[in-house]
Amino acid sequence: MNHKEKKLLVRILLSIFFLIVSFIVSTNEILLFVFCFISYLLVGGEVLMKAIRNLFKGKFLDENFLMSLATVGAFVLKEYFEGVFVMLLYQIGELFQSYAVENSRKSISSLMDIRPDYANVYIGEKLKKVNPETVKVGDLIVVKAGEKIPLDGVVENGEGLIDTSALTGETVPKRVMKKSVVLSGCINKTGLLTIAVTKEFGESTVSKILDLVENASSKKAKAENFITKFAKYYTPIVVILALCLAFLPPIFVRNLTVIECVKRAMTFLVISCPCALVISVPLSFFGGIGGASKLGILVKGSSYLEALSKTKVMVFDKTGTLTKGKFSVTKVFPITISEEKLMEFAAYAELYSNHPIAQSIKDSYKKKINKDRISDVKEFSGKGVVCKVSDKEIAVGNKALMEDLAVSFSEEKNIGTTVYVAVDKKYVGYISISDQIKDEAELTIQKLRTENKIDKIVMLTGDNEEIASSVALQLGVDQYYSKLLPIDKVEKVEYLLLQKNQNTNVAFVGDGINDAPVLTRADIGIAMGALGSDAAIEAADVIIMDDDLLKINEAVSISKRTIKIVKQNIWFAIGIKVVFLILGAFGISHMLEAVFADVGVSILAILNSMRALYVKKR
C-alpha cells in the first residue's frame with residue numbers, strides 16, 4: 001500500500017469513528033449534525049474541493065460534481081447519515097480501485113526494474129561508476145555478477161550466464177562468451193563480463209522498451225474512446241433529468257411534495273455516477289497489457305490490443321520467423337569418394353567465405369581446418385569457390401559454377417540449396433543445405449486455427465517455389481507466395497487488406513530486421529525476437545521479446561480475453577445503472593441502496609478487470 005492509499009485509509013477509519021459517535025448522540029440534533037459533518041468532511045472534503053476547482057475550469061459535469069451535489073442535497077434535506085454514507089462508500093470504492101490499479105501497474109512497472117542505475121566504465125586504467133547516459137559507443141564497461149547490463153554491447157572478455165527474463169519472460173539463463181551480443185536490462189548472474197558498448201543509452205534496448213511501456217497508455221482503444229465520449233454527453237443529460245425529476249412531478253401528480261421529489265433526484269444523481277465504466281474499462285486494458293508483459297509480450301497500447309483481438313488473417317514471413325533463419329546440412333551424397341572426404345573438401349574450400357551456406361558447411365564439418373593446405377582461393381560471386389587443397393583443385397558451388405568449369409554432373413532436385421563438389425574438374429558428389437523449420441511452428445499454426453479462430457494463414461518468402469511449397473505443406477498454411485522482394489511483400493499484404501471484412505484485421509508476423517515496411521502496413525505488426533532490432537521496435541505494434549512462436553497464440557488469447565472483460569464491464573455497469581435509475585426515479589430505491597448499487601457495481605467491475613492481469617506461464 002502506497003503513501004496516498006495509507007492516508008485515504010486513515011481518513012476512512014476516522015470517518016467511520018465519527019459516524020459511530022453521531023449514532024450515539026443522534027437524539028441531539030446539533031451534535032448529530034456536527035459529528036456527521038466532521039465524518040463527511042474527512043471522506044468528502046477532497047471530492048468537494050475537486051468539484052469546486054473543476055467548476056472554475058468549466059469541467060464541472062463529472063463524478064465529483066454529481067457526488068457533491070447529491071451529498072450536499074442530502075445534508076440540506078437533513079438526511080445526514082445518507083450523505084456521509086455516499087461519500088464513505090465512494091471512498092472505499094476509490095481505495096479498492098487504487099489498490100487494483102497499483103497491482104496492474106506493478107506488473108508493467110516490473111519492466112522498469114530493468115533501468116540501470118550506473119555503469120562501470122574504464123577511464124584510463126581505473127574503473128569508475130558513472131551515469132549510463134554518459135557512456136559512449138566504443139567504451140568498455142565491466143558488469144560484475146548480480147549487476148544489470150546497462151547498455152547494449154558485445155562481450156570482449158569473460159563468460160557467464162545472463163538472466164533475460166525481464167525482457168523475454170524466459171526463465172532459463174542464457175550463456176554468453178567472447179563476441180556474444182548482450183542487451184541492456186539483462187542481469188549478469190555469474191562471472192565478470194567486459195563489454196564494448198555498441199549503442200548509447202538513448203538508443204539502447206532498455207531505453208526503447210521503457211519508452212514504449214511509459215507511453216503505452218496514450219494509445220487508447222475504441223472502447224476507451226467510447227467511454228470518454230459517453231461520459232461527456234451522459235453527465236449533462238443526467239443532471240437535466242435530475243432537475244426535471246425534482247420539480248416537474250409535483251406539478252402534475254397530486255400528494256407528491258417537492259421535498260420527496262428532490263430526494264428522488266438526489267438518489268438519481270448518486271446512481272448515475274459512471275464510476276464503474278470510467279474506472280474498469282481502462283483498468284481492463286491496463287491489466288491485459290500488464291499480463292502480456294509478464295510473458296515477454298510488449299503491446300504498445302490498448303488500441304493495438306483491441307485490434308489484435310479482431311485478427312482473422314495471420315501473415316507470416318518465412319525466414320527467421322517460421323524457420324530458424326540458419327542454414328544447416330541436411331544431406332551429404334558422395335559419388336566417387338567417402339562422405340567424410342566430401343565434407344572435408346567442401347569445408348576447406350569454404351574456409352574464407354562468409355556466406356551463410358559456407359558457414360553451415362564449416363559448422364557441419366566440425367574438425368579443425370589446416371590453413372596451410374589451402375592456396376589459390378578464388379571466389380565467384382553468386383556461384384561458389386575454387387581453390388587448391390594439397391595440390392588438388394577443389395570447386396564448390398552451384399550448377400552455374402560447374403557449367404563454367406565444364407564439369408560433367410547430374411543436376412539434383414532437392415528442397416533447399418544444392419552445393420556441388422568437383423575435384424580436379426571431376427564431379428564427386430553434392431551437399432544439400434536448407435533452413436530448418438522451428439520446432440513450435442506447426443503447433444503454433446494449429447493453435448491459431450483451433451484456439452483463436454484465425455480464418456486464414458498466409459506465408460510470404462523470398463525463396464524459390466520448391467522451398468516455399470515444401471515449408472507450406474509441412475506447416476499446413478492456407479496460402480503462400482514465393483520469390484518476393486520486400487516491396488512485393490507489402491503488395492501482398494495490401495491485397496489481403498483489400499480482401500478482408502470491415503470489422504476484421506490482418507496481422508503480419510516478421511523477424512523485424514528487414515520486415516519493417518510490412519510490419520507498418522499491416523493492421524497489426526508483430527515482431528519476433530525483436531530485441532536489439534531498432535526497425536522492429538519502431539515499426540511493430542506488438543513485440544514478442546524472445547523468439548517463441550507460441551507466444552503469438554498467447555498474445556491473441558490475451559487480447560480476446562481482455563476485450564471480453566471490457567464488454568462484460570460495459571454491459572454489466574450500464575444494465576445495473578438503468579435498473580436502479582428507474583427504481584430511483586419512482587422512489588422505490590433510496591439513497592443508501594443507490595450508494596451500494598454504485599459502489600457495488602464499481603467494485604465488481606474492478607474485480608472483473610483484474611482478471612485480465614493474471615496469465616499462466618507455460
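Q: Buried means under 20% relative accessible area, exposed over 50% and partly exposed in between, with a 1.4 Å probe and protein chains only. So is Tyr427 buried or exposed?
A: Tyr427 is buried, at 11% relative accessibility. This is a predicted model, where local features need pLDDT of at least 70, side-chain atom pairs count only at pLDDT 80 or more, and totals for chains, interfaces and linings use all residues. Residues are numbered from 1 along each chain as its sequence is written, and side-chain values use heavy atoms, leaving out hydrogens and water.

Q: Aromatics next. How many pairs?
A: The structure has 14 aromatic pairs. Rings of Phe, Tyr and Trp (its six-membered ring) pair if their centres lie within 6.5 Å; planes under 30 degrees apart are stacked, over 60 edge-to-face, the rest tilted. One of the pairs is Phe33 with Tyr80, edge-to-face, at 5.5 Å centre to centre and 65 degrees between the planes.

Q: Where do Phe33 and Tyr80 sit in the chain?
A: Phe33 is in helix H2 (residues 29–57) and Tyr80 is in helix H4 (residues 80–109). They are 47 residues apart, so the pair links distant parts of the chain. Helices (H or I, at least four residues) and strands (E, at least two) are DSSP runs numbered from the N terminus.

Q: Which is each of them, buried or partly exposed?
A: Tyr80 is buried, with a relative accessible area of 7%. Phe33 is partly exposed, at 35%.

Q: And how do Phe409 and Tyr427 pair?
A: Edge-to-face, because their planes are at 65 degrees, with the centres 6.1 Å apart. Phe409 is in the loop between helix H15 (399–404) and strand E16 (417–423), and Tyr427 is in strand E17 (residues 426–437). They are 18 residues apart.

Q: Which residues make up the ring cluster?
A: Phe33, Phe37, Tyr40, Phe75 and Tyr80, linked by ring pairs.

Q: Which charges sit over the rings of Tyr118 and Tyr348?
A: Lys129 is over the face of Tyr118, 4.4 Å from the ring centre. Arg373 is over the face of Tyr348, at 4.6 Å. The test wants NZ of Lys or CZ of Arg within 6 Å of the ring centre and within 35 degrees of the ring normal.

Q: How many disulfides?
A: The whole structure has 0 disulfides (cysteine sulfur pairs within 2.5 Å). Cys387 is buried at 1% relative accessibility, while Cys244 is partly exposed at 33%.

Q: Switch to sheets. What is the strand order in the open sheet?
A: E2-E1-E3-E9-E4-E7, 6 strands with antiparallel pairing. E2 and strand E7 (181–182) are at the edges, each with a single partner strand, so one side of each has no neighbour in the sheet. Two strands pair if DSSP finds at least two bridges between them.

Q: How many bridges join E1 to E2?
A: 5 bridges join strand E1 (residues 119–123) to strand E2 (residues 126–130), antiparallel. Ile123 stands opposite Lys126 in E2. Their hairpin has 2 residues between the strands, and Gly124 takes a positive phi near 70 degrees.

Q: And E1 to E3: how many bridges?
A: 2 bridges, antiparallel, with strand E3 covering residues 140–143. Asn120 stands opposite Val142 in E3.
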